[in-house]
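Me: I have a structure open and would like to talk through its packing with you. Could you take a look at it with me?
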Amino acid sequence: MKRIKASAPAKVILLGEHFVVHGEPAIVLAIDKRATVTVEMRNDPKIFIESKDIGASGFFVNDKFHPKMGGEEAGRKLEPIYAIAKEAIRRYNLRYGININIESSIPVGAGLGSSAAVSVATASAIFSMLDPKVSKDTIFNAAFNAEKIVHETPSGVDPAVSTYGGILWYCRSKPIRKLKIDIHLPLVIGNTGKERSTGKLVAKVNELRSRYPLIVGKIIKAGGEIVKRSVKALREGDLKTLGELMNIDHELLRALGVSCRELEELIYAAREAGALGAKLTGAGGGGCMIALAHPEKIIDVAHAIKKAGGEVLVTEKTDEGVIIER
Ligand code: PMV
């Protein structure tokens with residue numbers, strides 16, 4: 001039976017998280033941690049999904065979930081993946097179901113876009129099995145629609161970078177721009193290990209905006225200006241300016257209430273150890289921070305983050321978006 005395997009990268013948001021939900025641009029990088037999804041057709045109409053990393057598996061039959069591992073909660077976690085499978089079955093008029101196996105080395109709920117990478121790899125594997133010429137845009141749209149089930153008003157930045165790879169300029173409802181910038185970005189990622197919900201944090205900012213539209217509106221605009229200014233710094237390889245912009249960006253996010261004590265501790269530790277800039281990445285409220293440092297300071301910054309209680313992840317930017325694994 002035909003089996004297809006696809007993989008998609010995780011991401012870090014360099015600048016612009018949250019503001020991007022409100023129409024401002026963001027700069028995002030794909031990193032070399034990947035989610036891999038293997039699919040095959042079944043000879044009955046069931047859809048079986050298994051993700052051992054998150055302890056969830058089971059069958060979907062006529063929209064009803066029958067857990068095998070992880071109970072009813074597993075059904076909620078696997079719902080976006082089911083939505084992608086259902087969309088493919090509808091679009092290609094399939095009479096049979098699909099087995100979907102998910103493996104991922106991306107920390108879950110940490111702001112590195114693990115759910116989007118899984119959705120993109122799933123969409124790529126299933127759609128490519130049914131149509132070998134499927135476009136990346138179709139894969140992106142299917143994954144983005146699935147993300148809308150788990151997150152409140154997601155911007156689409158996560159599935160975009162997992163699909164296309166590299167460094168992206170992402171602005172909601174505008175064409176995605178891949179920035180051709182050949183820069184080595186010495187970034188250290190620190191994970192607080194505190195799980196949080198992107199949907200709830202996005203809702204918190206929405207709520208703050210509705211209570212203080214003028215004030216929060218200006219903070220959001222300033223976030224957008226930082227992203228615009230950062231492109232020049234990136235093109236010139238000006239790490240000092242980029243670090244400063246990251247620090248300002250973080251303080252704006254803090255003003256919106258999406259940082260937390262655990263993130264602040266890692267960020268201060270990184271800055272005190274000589275980082276040029278440090279900020280939360282992703283939704284905040286826990287999850288990960290990133291620090292930018294001159295290459296000779298990277299080890300000091302990594303040690304400082306570890307000493308402050310963070311799990312250090314050393315990664316590189318990758319240009320490879322979603323791919324079919326041979
Ligand atoms: O923490 P993550 O990987 O879910 O990223 C969230 C980024 C936000 O800007 C807060 C939300 C979004 O959809 O862009």
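Reply: Let me begin with α4, where V157, D158, P159, A160, V161, S162, T163 and Y164 are buried. Please keep in mind throughout that this is a predicted model.

Me: How many residues of α4 are buried, and what does that say about the helix?

Reply: The count is 8 of the 8 residues, so α4 is largely enclosed by the rest of the structure.

Me: What do those buried residues pack against?

Reply: The buried residues of α4 pack against the strands β1, β2, β7 (167-170) and β8 (177-178), and also against the helices α2 and α3.

Me: Take α3, then. At what angle do α3 and α4 pack?

Reply: Helix α3 (residues 136-150) and helix α4 (residues 157-164) pack at about 150°, and their axes lie 9 Å apart. The two helices are therefore roughly antiparallel to each other, and α3 passes α4 in a right-handed crossing.

Me: Which residues meet there?

Reply: From α3 the contact takes in K136, D137, F140, A143, F144 and E147, which meet D158, P159, A160, T163 and Y164 of α4. By class, the residues of this contact divide into 6 nonpolar, 1 polar and 4 charged.

Me: What follows α4 in the chain?

Reply: α4 is followed by G165, whose phi is positive, near 70°.

Me: And which non-glycine residues have a positive phi?

Reply: H18 is one of them, with a positive phi of about 65° although it is not a glycine, and D63 is another, with phi near 70°. For context, most residues other than glycine have a negative phi.

Me: Where do H18 and D63 sit?

Reply: H18 is found in the loop between β1 (3-15) and β2, while D63 is found in the loop between β4 (56-61) and β5 (64-69). H18 counts as buried because its relative accessibility is 5%, which is under the 20% cut-off.

Me: Back to β7. Is I167 in that strand buried or exposed?

Reply: I167, whose place is in strand β7, counts as buried, at 2% relative accessibility. Not counting residues up to four places away in sequence, I167 touches I27, V28, L29, R177, K178, L179, I181, I183 and K317. In the case of V28, the C-alpha atoms of the two residues are separated by 5.7 Å, although V28 and I167 are 139 residues apart along the chain.

Me: Switching to the other helix pair, how do α1 and α2 pack?

Reply: Helix α1 (residues 71-91) and helix α2 (residues 114-130) pack at an angle of about 20°, with their axes 10 Å apart. That makes α1 roughly parallel to α2, and the crossing of α1 and α2 is right-handed.

Me: Which residues make up that contact?

Reply: On the α1 side they are P80, I81, I84, A85, E87, A88 and R91, and these meet V118, S119, T122, A123, I126, F127 and L130 in α2. This contact has 10 nonpolar, 2 polar and 2 charged residues.

Me: What about the nonpolar core, how many residues does the largest one have?

Reply: The largest nonpolar core has 103 residues, and those with the most contacts inside it are L14, I100 and L185. Its largest share, 9 residues, comes from α2. There is also a second, separate core of 15 residues, which includes V157, A160, Y170 and V202.

Me: What is I100 in contact with?

Reply: Leaving aside neighbours within four places in sequence, I100 is in contact with V37, T38, V39, I47, F48, I49, E50, I81, A85, T122 and I126. Among these, I81 and A85 of α1 and T122 and I126 of α2 also take part in the contact between those two helices.

Me: Last one: where is M246, and what does it contact?

Reply: M246 lies in helix α7 (residues 239-255) and is buried, with a relative accessible area of 0%. Leaving aside neighbours within four places in sequence, M246 is in contact with L14, L15, L187, G277, A278, K279, I290 and L292; of these, L14 was named above among the residues with the most contacts inside the largest core.

Note on methods:
Residues numbered from 1 in each chain as written. Predicted model: local features only at pLDDT ≥ 70, side-chain atom pairs only at ≥ 80, totals over all residues. Heavy atoms only, no water. Axes fitted to C-alpha atoms, helices over the stretch in contact; angles between N-to-C directions. Helix = DSSP H or I, 4+ residues; strand = E, 2+ residues; numbered from the N terminus. Parallel < 35°, antiparallel > 145°, perpendicular 65-115°, else oblique. Left-handed = near helix turned anticlockwise from the far one by under 90°. Contact = heavy atoms within 4.5 Å. Nonpolar A, V, L, I, M, F, W, Y, C, P; charged D, E, K, R; others polar. Core = buried A, V, L, I, M, F, W, Y, C linked by side-chain atoms within 4.5 Å. Buried < 20%, exposed > 50% of the residue type's maximum accessible area, 1.4 Å probe, protein only.
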